Amino acid sequence: MGDCETLVPLMEEEENLIAAAQNIVKALGSNRTLTDDARKILADLGTQLSSITRVSETQDEDSGDQTEEQFIELEEQLNLVQTKVMNWEVGQSMIWDCGQEEAYEYLRYVDQARKLIERLEGLNVDKGSREDELLRKAHDLLQTAMNRLEEEFTHLLVQNRQPFEPEHMSFRSSEDDTLDDGSIVSFGDDSVEDVVQRDSMSRSFEEYIIELVHPDVIPDLRCIANLMFDSNYGRECSQAFINVRKDALDDCLFILEVEKLSIEDVLKMEWNSLNSKIRRWIRAMKIFVRIYLASEKWISDQIFSELEGVSSVCFAEASKASIVQLLNFGEAIAIGPHQPEKLIRILDMYELLADLIPDIDAMYSDEAGLCVRTECQDILRSLGDCAKATFLEFENAVASSISANPFPGGGIHHLTRYVMNYMKTLIDYSKTLDELLKGYEKEDSAAILPHMTPDREEDNTDRRCNISPLAQHFRSFTSILECNLEDKSKLYKDDSLGHLFLMNNIHYMAEKVKNSNLRTILGDDWIRKHNWKFQHHAMSYERATWSSILSLLRDEGLQNPGSNSISRTLLKERLLSFYLAFEDVYKSQTGWSIPDSQLREDLRISTSLKVIQAYRTFVGRHTNHISDKHIKYTADDLENFLLDLFEGSPRSLHGSHRK
């Protein structure tokens, strides 16, 4: 309508110019000095100016007729639109429930009302004029139609929601959207968790899309959205979408069993309950981001595809509260106490969030999603700091584990099992832990246990070799554990049992490293060193237990005074002392424990070789001086008795003298 705005002042200027020219002609015509030719020219000019004036007056009359006709046409069009729009305001039925033909006819009439408003506004009508009245009527009609379309938009979204069943569903890859054939990628009997877990471990950049709204109504929703935005009712349309989808997202969290817990609730929770909540959070977070949010973003993009920037804002506003609710649980875990038993779960949460952040950043890429992206990074950083602090707290916990009483039977202490299995589990997180511990200078072990000396040289070698941060800390863990075990071994009154205890525990450490991925962290040199250590304690056990007993089977001190002959009395006493000492060992050491069957067998064989050989030699050498009645046990008897050692069940010998 820009030409209409410039035409009126242009016509006024022409009329003024013609009137001025006519006045000039009249003034010149009254001049008596003009020649006849000049008078003739002025007369012709006056005639032409009069002709122009008459034409202008005729055009004015025609223009007035056209304006009247245009007004009548606009009024008739608006009345027709009003009839169609208001007919739907009488009944209670929804337009889209009556079929697409009715729905699209309604949209055409509403769009006509919008265009009528644009034409009327282009006329630059005077306030209070008929045109102005018609414009107000059109605006009122459009508002009524927009209110109805907002209701229809909400109705379509709500009534066409698809059920979300995380345990039984198929997934459509976003790559299939390019095919536009609605094809479904089925994973058969795989559960959502299996699919997501497999996908997170080895995945190309793709999301699994499920149809949260029936696909047949997406074009209808898109048409309504486009018309509402074209009519300057975009805010109402956006808010309707946000409200409906926000409720759907809340329902999704409910289905995934995500509770609304405050930070205080989480901090007060017992570990068993909290552990269950964390496992549920990890499952929910994977499904929610990779499947549900990706599908939610797809819906938003489809409906608002022709409206630049609208999809991102609507998606962010609809989903912000739900994703923040999930992230708040992560924050509560991160600020909780640094208890070692929580470390694995914290690392699970950290690695999951780190894996999901690229997806989250892609979905919330615009300014509208900045707060979500920032929150994710903050929670990730907090979980990382918490994991590192908890890891280091584990080191302190190992160092400060003090026992008041010796461990029964000299078996494998629960601390040893705990530490080694803990380390074995942490291997799965080695890449993450190396990253978190990078640049962190751990305390010297001597600062934690001042009396510790075993592996200081090894620690210095580690630093020179520039081993990974995790390997450095693991070596520190094992050194601290060994020192702790040394302290615990001193609680035994019997040195033999102390050596057996250290043999058992160091052997367990060496085997656990050798037969797991810990070997890649601690290395074969570490294994060789600890194999030597437990073997050393095995030899120390044998010396402490049997050296004094086997000394009874030597000939020193058996001669009669003043001669080289063997004293039968001394021989008898020596043999009796041996039997008593052996029986004491049997009584006590059958109650001692060597849990590892191979280690137990090896020590029995080693002991048997020494004891039985010494006993056979002694008895054989003095067979002429010893009566059968003094031989309480044969070598075979003793050998069988030795097989009863280290079973963890105390026994007593009830043998009798041989007749």
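The side chains of Glu236 and Arg235 form a salt bridge with an N to O distance of 3.5 Å, where a salt bridge is a side-chain nitrogen of Lys or Arg within 4 Å of a carboxyl oxygen of Asp or Glu. Glu236 is partly exposed at 22% relative accessibility, whereas Arg235 is exposed at 66%. These classes follow relative accessible area: buried is under 20%, exposed is over 50%, and partly exposed lies in between, with a 1.4 Å probe and protein chains only.

This is a predicted model, in which local features need pLDDT of at least 70, side-chain atom pairs count only at pLDDT 80 or more, and totals for chains, interfaces and linings use all residues. Residues are numbered from 1 along each chain as its sequence is written, and side-chain values use heavy atoms, with hydrogens and water left out.

**Salt bridges**

The structure holds 32 salt bridges.

| Pair | N to O distance |
|---|---|
| Glu236 and Arg235 | 3.5 Å |
| Glu257 and Arg280 | 3.5 Å |
| Arg616 and Asp636 | 3.2 Å |

The bridge between Arg616 and Asp636 joins helix α21 (residues 597-621), which holds Arg616, to helix α22 (residues 635-642), which holds Asp636; the pair therefore ties together parts 20 residues apart in sequence. Helices (H or I, at least four residues) are DSSP runs, numbered from the N terminus. Arg616 is partly exposed at 45% relative accessibility, and Asp636 is partly exposed with a relative accessible area of 45%.

The side chains of Glu257 and Arg280 also meet in a salt bridge. This pair links distant parts of the chain, 23 residues apart: Glu257 is in the loop between α7 (234-255) and α8 (263-267), and Arg280 is in helix α9 (residues 271-303). Arg280 is partly exposed, at 28% relative accessibility. Elsewhere, a network of salt bridges links Glu89, Arg148, Glu151 and Glu152.

**Buried positions and the nonpolar core**

Ala145 lies in helix α4 (residues 130-159) and is buried, at 1% relative accessibility. Leaving out residues up to four places away in sequence, Ala145 touches Val85, Tyr106 and Val110, a contact being heavy atoms within 4.5 Å.

Ser295 is in helix α9 and has a relative accessible area of 0%, so Ser295 is buried. Its contacts, again without residues up to four places away in sequence, are Tyr208, Ile209, Ile210 and Leu212.

The largest nonpolar core has 180 residues, of which Phe153 and Phe474 touch the most other members. Such a core is a set of buried Ala, Val, Leu, Ile, Met, Phe, Trp, Tyr and Cys residues joined through side-chain atoms within 4.5 Å. Helix α9 supplies the largest share of this core, 16 residues. Beyond four places in sequence, the residues touched by Phe153 include Leu221, Ile224, Cys237, Phe241, Ile303 and Phe304.

**Helix α14**

Thr432, Leu433, Leu436 and Leu437 are the buried residues of helix α14 (residues 430-437). They cover an arc of only 120° around the axis, so they are on the same side of α14; the arc is that of the directions from the helix axis to the C-beta atoms. The buried residues of α14 pack against α11 (343-363), α12 (370-399), α13 (414-426) and α17 (469-489). Gly439, with a positive phi near 80°, follows α14.

**Aromatic pairs**

The whole structure has 24 aromatic pairs. Rings of Phe, Tyr and Trp (its six-membered ring) pair if their centres lie within 6.5 Å; planes under 30 degrees apart count as stacked, over 60 as edge-to-face and the rest as tilted. Phe394 and Tyr422 are stacked because their ring centres are 4.0 Å apart and their planes are at 15°. The pair links helix α12, which holds Phe394, to helix α13, which holds Tyr422, across 28 residues. Both Phe394 and Tyr422 are buried.

Phe578 and Phe582 have ring centres 6.2 Å apart and planes at 35°, so this pair is tilted. Both lie in helix α20 (residues 568-589), 4 residues apart, about one turn of the helix. Phe578 is buried at 0% relative accessibility, and Phe582 is buried at 2%. Phe578 and Phe582 belong to one aromatic cluster with Trp546, Tyr579, Tyr586, Tyr615, Tyr633 and Phe641.

Key. Helix = DSSP H or I, 4+ residues; strand = E, 2+ residues; numbered from the N terminus.
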